[in-house]
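Work through these exercises with the structure open beside you. Try each task before reading its solution.

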Amino acid sequence: MITLKNMTAALLCAVAPTALFAEPVELRSVDGFISVDGEIVGYNGTMVSVETSVGRVSVPASQVVCYGAGCVQVISDNDFGLTNDAFEGVVVEESVAVTGGADEFVVSFTAPIFDTIYRSVVGSYAMTGQSSATVEVGSAGNIAMDSAATNETANIHIAQPGEPSNAVISTVTMRGSADEAYSSATDWATAPALSDQLLGVRAFAVIVAPGVEVDGVSMSELAGIYAGEIKNWSEIGGPDMAILPLQLPMNSTVRTELVKLVMEPAGKTIAGNILTMADGISIASSVNQFAGAISVVGIEDSEDNITLPVSGECDAPVALNAFNVVSGDYPLIRPLMISFDAVPETTLVSDMFDFAASTTAQRLISAEGFDNFSAAGQDEVEKNRRLNRLLGGDFDENERLAAAQMFQRLFEAKRLSPTMIGGPTSGVEGGWNRAMFESLSAALAASDMVGKDVMFVGFTDNTNGSEAALAASAAAAAEMQAAFMSYAPDVVVGNNLTLSSHGFGGISSATCNDGQVEGASHSRVEIWVQ
């Protein structure tokens with residue numbers, strides 16, 4: 001439809017065949033005198049051309065506001081020089097359907113500290129006025145939400161002793177197998193409600209005695225050590241020295257998580273003769289004194305010990321540091337999530353727990369001993385070390401070209417910590433990815449990101465050969481780029497960002513790409529900014 005009323009600006013019209021508009025926009029002057037619907041097809045520095053149902057129309061970009069998601073797409077990906085600044089304004093209009101619905105959840109916690117995390121999230125959400133809905137938080141941690149705009153209500157209260165719950169806050173594992181919940185990135189990125197949402201991230205440290213000279217330890221090797229199957233360091237590339245594993249008591253949260261994240265995925269149990277000590281401080285001291293000792297402790301108890309890099313299902317040991325933990329590169333992490341028995345019917349609940357990924361909430365959560373997973377930049381030395389390994393890598397013909405391209409594209413770029421799992425994902429993986437998008441969105445909205453090129457960089461294992469891996473990683477990166485465009489179009493347009501995607505197969509994966517959905521093609525997608 002075209003509406004031209006008292007047009008004060010010149011319109012150049014040419015008859016053209018009717019077009020099918022994949023991403024239509026509306027160009028409208030502030031005074032309402034110009035209103036043009038169609039698809040933007042060109043820009044000459046002054047006039048923007050729009051293909052409409054009755055032909056091609058050109059209007060002065062500086063005198064109109066561009067409305068619609070199509071504005072975002074054409075501004076971020078065009079070859080005729082159109083930018084956000086060309087328009088008088090850009091608005092992404094998203095109509096909110098009045099769906100109605102009511103959620104009633106009773107939430108329980110697998111550890112007392114998780115109650116504190118929950119209260120931090122819901123309290124800060126309500127206090128900072130993040131929702132247009134009415135939000136009331138009771139002294140007992142109960143929360144009531146009511147949205148007149150969408151006719152939705154939600155009530156959450158904390159389970160009393162013995163009361164059954166239909167939502168639980170607990171640490172989860174990113175390993176093992178799980179059912180597919182989302183077939184593509186867009187599904188979890190734009191879903192009004194999710195079954196699982198990430199609240200925090202915490203890591204373990206693997207500490208060893210002086211003289212245990214190994215490059216690292218894998219998750220499967222850890223399971224074998226604690227199951228009593230691996231008894232000498234020489235079995236995993238170390239000295240001929242007996243392994244002395246130490247553990248915390250059964251009522252320890254760290255011990256529980258060791259079982260959940262290391263032993264259970266490997267199908268093993270802790271041997272009955274593993275020496276148990278009272279607390280992490282005692283273990284850390286004993287590991288430094290006993291030859292061949294090893295233990296898994298909280299990071300807070302590892303400061304004076306030798307820590308080992310840890311690898312997942314592939315031979316890629318990853319050092320324990322803040323960036324590697326919040327990026328998910330370091331495999332011995334325990335994400336804290338709220339998991340619902342049924343996906344919430346309203347957007348109210350998911351909006352509140354999306355807020356857990358905000359810098360405000362993460363600041364409060366990190367005060368409780370969790371890592372702040374707000375987006376951070378990787379250390380330049382570590383980044384360059386990884387890229388320099390490309391120069392001496394043993395690659396086939398396809399990979400050599402990809403390695404050269406990766407080195408050139410990323411050498412002057414900076415990697416940000418948000419890292420997503422590509423391909424079909426489980427509920428837990430979708431929850432992780434959604435939080436990474438929220439963190440990325442906040443980082444890219446900052447003033448120092450204006451005009452940056454944001455690269456979505458995919459990696460996939462070479463299970464089916466390098467050519468297939470390169471194609472799969474490129475496809476995963478492109479899909480993730482499109483999903484982020486749908487998730488945060490206002491950030492992309494508002495900061496005049498350019499989005500691009502690249503796939504580099506398996507030539508430099510920071511860690512394993514194994515996902516939880518069996519039979520699916522898994523990738524990881526990193527974020528690099530230049």
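**Exercise 1. Which residues does L444 touch, not counting residues up to four places away in sequence?**

Solution. Keep in mind that this is a predicted model.
- Step 1: Set aside the residues up to four places from L444 in sequence.
- Step 2: List what remains. L444 touches L416, M449, V454, F484, V491, N495, L497 and V529.
- Step 3: The largest nonpolar core has 108 residues, and F87, L444 and F456 touch the most other members. Strand 14 (residues 196-208) supplies the largest share of this core, 8 residues.
- Step 4: Look for a further core. A second, separate one of 30 residues includes L336, M352, A356 and I365.

**Exercise 2. How many residues separate G458 and V525 in sequence, and how far apart are they in space?**

Solution. 
- Step 1: Find G458 in strand 23 (residues 453-459).
- Step 2: Count along the chain. G458 and V525 are 67 residues apart in sequence.
- Step 3: Now go through space. From C-alpha to C-alpha, the two are 4.3 Å apart.
- Step 4: Check the surroundings of G458. Leaving out residues up to four places away, it touches S473, A477, H502, G503, F504, G505, R524 and V525.
- Step 5: G458 has a relative accessible area of 0%, so it is buried.

**Exercise 3. Describe how helix 10 packs on helix 11.**

Solution. Two packed helices are described by the angle between their axes and the distance between the axes.
- Step 1: Take both values. Helix 10 (residues 380-388) and helix 11 (residues 397-410) pack at an angle of about 155°, and their axes are 10 Å apart.
- Step 2: Classify the angle. Angles over 145 degrees count as roughly antiparallel. Helix 10 and helix 11 are therefore roughly antiparallel to each other.
- Step 3: Helix 10 passes helix 11 in a left-handed crossing.
- Step 4: Name the residues in contact. Helix 10 brings K383, R386, L387 and N388, while helix 11 brings M406, F407 and L410.
- Step 5: Sort them by class. The contact has 4 nonpolar, 1 polar and 2 charged residues.

**Exercise 4. How many residues of helix 4 are buried, and what covers them?**

Solution. 
- Step 1: Count. In helix 4 (residues 219-226), 6 of the 8 residues are buried.
- Step 2: Name them. They are M219, L222, A223, G224, I225 and Y226.
- Step 3: Find the cover. Among the elements over these buried residues are strand 14, strand 16 (244-247), helix 5 (253-263) and strand 18 (293-298).
- Step 4: Look past the helix end. G228 follows helix 4 and has a positive phi, near 80°.

Conventions. Residues are numbered from 1 along each chain as its sequence is written. This is a predicted model: local features need pLDDT of at least 70, side-chain atom pairs count only at pLDDT 80 or more; totals for chains, interfaces and linings use all residues. Side-chain values use heavy atoms; hydrogens and water are left out. A nonpolar core is a set of buried Ala, Val, Leu, Ile, Met, Phe, Trp, Tyr and Cys residues joined through side-chain atoms within 4.5 Å. Buried means under 20% relative accessible area, exposed over 50%, partly exposed in between (1.4 Å probe, protein chains only). Helices (H or I, at least four residues) and strands (E, at least two) are DSSP runs, numbered from the N terminus. Contact means heavy atoms within 4.5 Å. Axes are lines fitted to C-alpha atoms, for helices over the stretch in contact, and angles run from 0 to 180 degrees between N-to-C directions. Angles under 35 degrees count as roughly parallel, over 145 as roughly antiparallel, 65 to 115 as roughly perpendicular and the rest as oblique. A crossing is left-handed if the near helix is turned anticlockwise from the far one by less than a right angle, and right-handed if clockwise. Ala, Val, Leu, Ile, Met, Phe, Trp, Tyr, Cys and Pro count as nonpolar, Asp, Glu, Lys and Arg as charged, and the others, Gly among them, as polar.
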